[in-house]
Amino acid sequence: RNLWVNAAIFGWQLGINDRDVYLHTLPQFHANGWGIVFAVTAMGGQHIILRKVDGAEILRRIDHFGVSLLCGAPAVANMVLDASSDASLPTSRGQVRMVVAGAPPPTKTIERIETDLGWEFIQIYGLTETSPLLTMNRNRAEWDDLSSSERAAKLSAAGAPSLGVEMSIDAEGEVLARGSVIMSGY
């Protein structure tokens with residue numbers, strides 16, 4: 001049940017549909033990344049496998065297969081940004097959503113994903129005990145008139161609770177979360 005709910009929430013919040021082409025940039029053993037894999041499969045999207053995370057190869061596959069969605073830690077984003085400086089590599093602009101998790105990336109990385117690559121940056125936060133999605137942060141209509149650095153600053157935050165999640169902070173500063181897919185007692 002947790003996997004199904006997690007996949008459905010990822011699908012709704014990321015707008016996954018049958019036209020999406022997902023590039024596997026998370027290791028296949030990374031259980032917390034399977035929500036997007038299941039959502040893409042459920043909606044009839046296409047999967048492109050990548051055996052080794054490499055910035056240049058990611059750019060080649062995005063261009064060749066029309067990739068619209070990929071995930072990764074900030075280190076993966078930086079690999080892609082570093083590779084994008086090679087003029088011989090294709091840089092597909094627009095229609096690509098990059099979901100970043102694992103650690104908060106620097107604001108400059110966020111800004112470069114949007115300005116240098118023209119991709120949508122989406123940050124998520126979660127834990128194994130929360131199946132895993134807790135929060136999501138992506139561009140909002142009211143941020144359209146902000147400068148790229150102002151928008152990147154907004155996107156550097158963890159975001160709002162995902163669908164079905166309630167969050168608060170107790171007196172000691174601990175994050176408390178409740179939802180139908182969160183391990184009881186957590």
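Reply: Helices (H or I, at least four residues) and strands (E, at least two) are DSSP runs, numbered from the N terminus. This is a predicted model, in which local features need pLDDT of at least 70 and side-chain atom pairs count only at pLDDT 80 or more, while totals for chains, interfaces and linings use all residues. Residues are numbered from 1 along each chain as its sequence is written, and side-chain values use heavy atoms, with hydrogens and water left out.

Me: With those elements in hand, where is S68 found, and is S68 buried or exposed?

Reply: S68 is found in the loop between α3 (55-65) and β3 (69-72). Because its relative accessibility is 8%, S68 counts as buried, where buried means under 20% relative accessible area, exposed over 50%, and partly exposed in between (1.4 Å probe, protein chains only).

Me: Which residues is S68 in contact with, leaving aside its neighbours within four places in sequence?

Reply: Contact means heavy atoms within 4.5 Å, and on that basis S68 is in contact with R19, D20, V21, Q95, V96 and R97. R97 lies 29 residues from S68 along the chain, yet the C-alpha atoms of the two are separated by 6.0 Å.

Me: How should I read the sheet, and what is the order of its strands?

Reply: Strands of a sheet pair through backbone hydrogen bonds, either parallel or antiparallel. Here two strands are taken to pair if DSSP finds at least two bridges between them, which gives an open sheet of seven strands in the order β2-β1-β3-β4-β5-β6-β7, with mixed pairing. The edge strands are β2 (46-49) and β7 (160-161), each of which pairs on one side only.

Me: In which sense do β4 and β5 pair, and how does the chain cross from β4 to β5?

Reply: β4 (residues 97-100) and β5 (residues 120-126) pair in the parallel sense over four bridges, with V100 standing opposite Q123 in β5. Between these two strands the chain passes through helix α5 (residues 107-115), and the resulting β-α-β crossover is right-handed; that term applies if, with the strands pointing away from the viewer, the path from the first strand over the helix to the second runs clockwise. E111 has its place in that helix, α5, and counts as buried because its relative accessibility is 14%. Leaving aside neighbours within four places in sequence, E111 is in contact with D116, S148, S149 and A152.

Me: What joins β5 to β6, and which residue in the turn has a positive phi?

Reply: Five bridges join β5 to β6 (residues 133-138), and these strands run antiparallel; the partner of Q123 in β6 is N137. The two strands form a hairpin with six residues between them, and S131 in the turn has a positive phi of about 60°, although S131 is not a glycine. A cis peptide bond, with omega about -25°, joins S131 and P132, and P132 too has its place in the loop between β5 and β6. At 16% relative accessibility, S131 therefore counts as buried. On to β7: two bridges join β6 to β7, which run antiparallel, and T135 stands opposite P161 in β7.

Me: At what angle do the axes of α1 and α2 cross, and which residues make the contact?

Reply: Axes are lines fitted to C-alpha atoms, for helices over the stretch in contact, and angles run from 0 to 180 degrees between N-to-C directions. The axes of α1 (residues 2-14) and α2 (residues 34-43) come within 8 Å and cross at roughly 75°, which means that α1 is roughly perpendicular to α2 (under 35 degrees is roughly parallel, over 145 roughly antiparallel, 65 to 115 roughly perpendicular, the rest oblique). The contact is made by L3, N6, A7, F10, G11 and L14 of α1 and by G35, I36, F38 and A39 of α2. As for the sheet, α1 lies across β4, β5 and β6, running at about 10° to β6.

Me: Which residues of α4 are buried, and what covers them?

Reply: In α4 (residues 74-83), the buried residues are P74, V76, A77, V80, L81 and A83, and what covers them includes α3, β3, β4 and α5.
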